[in-house]
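I opened my notebook to record what I looked up in this structure.

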Amino acid sequence: MNTLSRIQSRLLRTVRSRWRQLGIAIGPSLIYLLLLLLAPVTFIITVSFLQVNDSYQIVLEPTLENYNSLFSSEGPFWESTFFSVVMESLTIAVLTTVITLVLAFPLAYHLSKAEGAVFQLMLVMVLLPFFTVYLVRVYSWLLMFGQNGVINTTLMAFGLTSGPIELFNYGVPAIIVGLIHAFFPYMLLSVYASLDGFNFSLIDAARDLGAGRIETFRDIVVPITLPGVISGCLFVFVPSFGAFITPVFLGQGKVLMIGQLIESRISSLYAIDTASAIAMFIILAIVIAFGLAFRYIDVENLGGV
Amino acid sequence: MGTSPHSESDSDQVGAIGRVIGRLGDYQTKDWLLSRGLYLISASVLLFLWIPLIVMLLLSFGENAITIFPFEGFTLDYYVAMLNDERLLLSAWRSIQIATISATIATVLAVPASFALARFEFPLKETYRIFGILPLIVPGVVLGMALLIYFRTVLGVTPGLMTILLTHGVYGFPFVLLVVTARLYSFDEALEEAARDLGAGPVATFRDITLPIIAPAVAAGFLFAWLRSFEDFIRVFFVRGTINVLTTTMYSMIQYGASTKMNAISSIIVIAIALVLVVAVVLGSVNQFVGDTTEDE
């Protein structure tokens with residue numbers, strides 16, 4: 001027996017046990033994620049209940065002061081700036097999610113019925129913009145919107161309007177358009193995954209048996225696509241709620257979303273206590289969204305990406 | 001008038017209108033309208049996804065770099081200016097290096113983890129799965145600030161290249177994990193058993209059976225993680241220290257209004273990524289084609 005095969009057989013003996021195999025398979029990633037995901041997130045959760053003094057030292061004394069100061073205002077807490085920032089972020093994220101779902105559904109339906117070259121072409125047309133750098137896509141909308149943006153100047157050049165239209169200026173509509181463009185494929189692929197392999201003759205059968213359009217949709221299409229719709233909504237809602245570049249470029253100072261608030265607290269002040277407390281609201285939104293979603297779907301269904 | 005949508009016509013005056021309204025309520029007309037409407041939405045959505053990118057591409061060649069109308073002629077000036085911008089090219093090269101290393105980290109960690117999830121039963125398995133997908137779900141602002149605080153305040157590390165690589169290792173992990181586990185779930189383990197029964201050792205079985213089957217998924221996962229790292233802005237923005245990557249350089253270019261060069265570099269990125277994807281798709285289907293023919297032999 002030469003050295004190489006001896007080493008090989010010794011190695012094999014070591015990994016023969018099922019538990020050792022599992023340890024080797026999962027150990028490195030477990031350690032990595034514990035150290036670089038769980039530990040940082042646990043730390044900011046903790047810091048959100050502590051305070052940092054003037055010399056950037058953490059004072060080990062549990063307090064709700066960070067949360068208190070976020071909601072402090074002249075009047076009741078819903079008049080505080082922070083509350084309006086959360087509500088505005090929430091509104092933008094919900095609108096983005098709903099519109100994305102409405103727009104993605106027909107396309108997912110056509111994609112699942114398409115075959116061969118048409119299918120491939122459609123898929124490439126959807127995926128290519130998706131893989132293009134996010135910053136570039138937001139930038140392309142920065143060119144489109146604005147008083148003197150491409151949309152307004154084109155409309156004026158054709159004499160369709162005399163002055164710039166406010167809808168196509170920077171602000172909430174522009175942010176929503178940018179976010180839909182950014183996260184659309186998540187929704188599309190999730191819904192498509194649930195329609196893929198669906199037997200469309202079921203719809204004809206239901207119609208032949210006298211079910212109306214709405215009843216057929218409710219009783220056949222909705223139950224089939226529900227897991228895809230829910231996971232798609234999660235993947236659109238969560239990143240929209242915590243968006244940063246999109247509101248910075250397409251809001252142009254008119255809109256303040258929660259992500260911008262976190263960034264400003266960290267970049268200019270390194271106020272880790274306040275920033276952590278603000279981040280808790282994004283984490284809370286994720287937990288609530290997932291809690292709702294897992295009442296209807298399993299973890300496996302999240303693989304639609 | 002037009003009491004029932006299906007009655008053909010009650011009088012001569014309302015006859016025509018009645019027929020149109022009647023047709024609207026008609027089963028087939030409704031179906032026709034519905035399907036045309038759906039096609040219209042799908043087509044507009046595809047257009048919506050492409051229009052800003054096409055406009056940007058046009059602007060990158062336009063003498064008037066801000067808007068299409070009035071059109072003032074073609075120019076390649078912005079591309080020349082971009083190619084002379086050393087800072088921009090350097091940060092692009094750094095982004096490529098960072099994406100390659102961090103996608104490697106993600107792949108090396110996530111492939112074994114995918115085997116664990118697909119082949120083993122262990123306590124808290126589903127918790128681990130959620131944990132593994134989490135970096136994809138947590139918004140970039142939160143992941144970026146949490147890691148920055150962790151590196152700076154807890155570990156006392158100065159943010160820089162190392163912290164960017166570690167951060168992107170976490171970020172790329174779920175993309176490899178999702179693709180490879182999906183492949184492993186559709187993998188017929190009887191193939192491995194057959195090889196073992198025919199006398200192949202575990203190493204030979206892995207090399208000749210398992211590896212060729214999962215290799216395309218591993219490559220796709222790597223590509224996903226690579227692209228995610230390359231295009232990431234917000235996570236890098238927090239943990240970069242003084243390092244500039246392509247996205248952070250572009251961000252400051254936009255902030256300070258260097259839009260002409262932005263159009264050029266953005267257009268090049270769009271085209272480059274399109275080429276990479278086309279090559280990946282072609283290679284992918286070539287692999288499949290080769291796989292099919294060997295099966296026939």
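**Chain B overall**

I began with contacts in chain B between residues at least 6 apart in sequence, and 68% of them join residues at least 24 apart. I noted that this is a predicted model. Next I looked up the secondary structure of chain B and found 12 helices and 0 strands. Read along the sequence, the pattern is α-α-α-α-α-α-α-α-α-α-α-α. I also checked burial: of the 297 residues in chain B, 36% are buried.

**Where the chains meet**

**Helix α5 of chain B**

I turned to helix α5 of chain B, which covers residues 125-137 and has 13 residues. From first C-alpha to last it reaches 19 Å, close to the 18 Å expected at 1.5 Å a residue. Which residues of α5(B) are buried? They are Arg129(B), Gly132(B), Pro135(B) and Leu136(B).

**Helix α6 of chain B**

Is α6(B) largely enclosed or largely open? It is largely enclosed by the rest of the structure, because 12 of its 15 residues are buried. Among them are Gly140(B), Gly144(B), Met145(B), Tyr150(B) and Phe151(B). I noted that the cover over the buried residues of α6(B) includes helices of both chains. From chain A it includes α2, α12 (258-269) and α13. From chain B it includes α5, α7 and α10 (234-239). After α6(B) comes Gly156(B), and its phi is positive, near 70°.

**Two helices of chain A**

I moved to chain A. There α2(A) packs with helix α13 (residues 272-293) at an angle of about 105°, and their axes are 8 Å apart. That angle makes α2(A) roughly perpendicular to α13(A). I listed the residues that meet. From α2(A) they are Ile44(A), Ile45(A) and Val47(A). From α13(A) they are Ile272(A), Asp273(A), Ser276(A), Ala279(A) and Met280(A). By class, this contact has 6 nonpolar, 1 polar and 1 charged residues.

**Phe168(A)**

Where is Phe168(A) found? I located Phe168(A) in the loop between α7 (150-157) and α8 (172-195) of chain A. Is Phe168(A) buried or exposed? Phe168(A) counts as buried, because it has 22 C-beta neighbours inside 10 Å and the cut-off for buried is 20 or more. Leaving out residues up to four places away in sequence, Phe168(A) touches Phe145(A), Gly149(A), Ile151(A) and Asn152(A).

**Domains of chain A**

My last entry is on domains. The domain assignment of chain A gives domain 1 (1-38) and domain 2 (76-304). Taken over C-alpha atoms, 42 Å separate the centres of these domains.

Technical notes
Residues are numbered from 1 along each chain as its sequence is written. Chains are lettered from A and ligands numbered from 1 in the order in which they are written. This is a predicted model: local features need pLDDT of at least 70, side-chain atom pairs count only at pLDDT 80 or more; totals for chains, interfaces and linings use all residues. Helices (H or I, at least four residues) and strands (E, at least two) are DSSP runs, numbered from the N terminus. Two residues are in contact if their C-beta atoms, placed from the backbone, lie within 7 Å. The expected span of a helix is 1.5 Å times one less than its number of residues. Axes are lines fitted to C-alpha atoms, for helices over the stretch in contact, and angles run from 0 to 180 degrees between N-to-C directions. Angles under 35 degrees count as roughly parallel, over 145 as roughly antiparallel, 65 to 115 as roughly perpendicular and the rest as oblique. Ala, Val, Leu, Ile, Met, Phe, Trp, Tyr, Cys and Pro count as nonpolar, Asp, Glu, Lys and Arg as charged, and the others, Gly among them, as polar. Domain bounds come from an automatic or database domain assignment.
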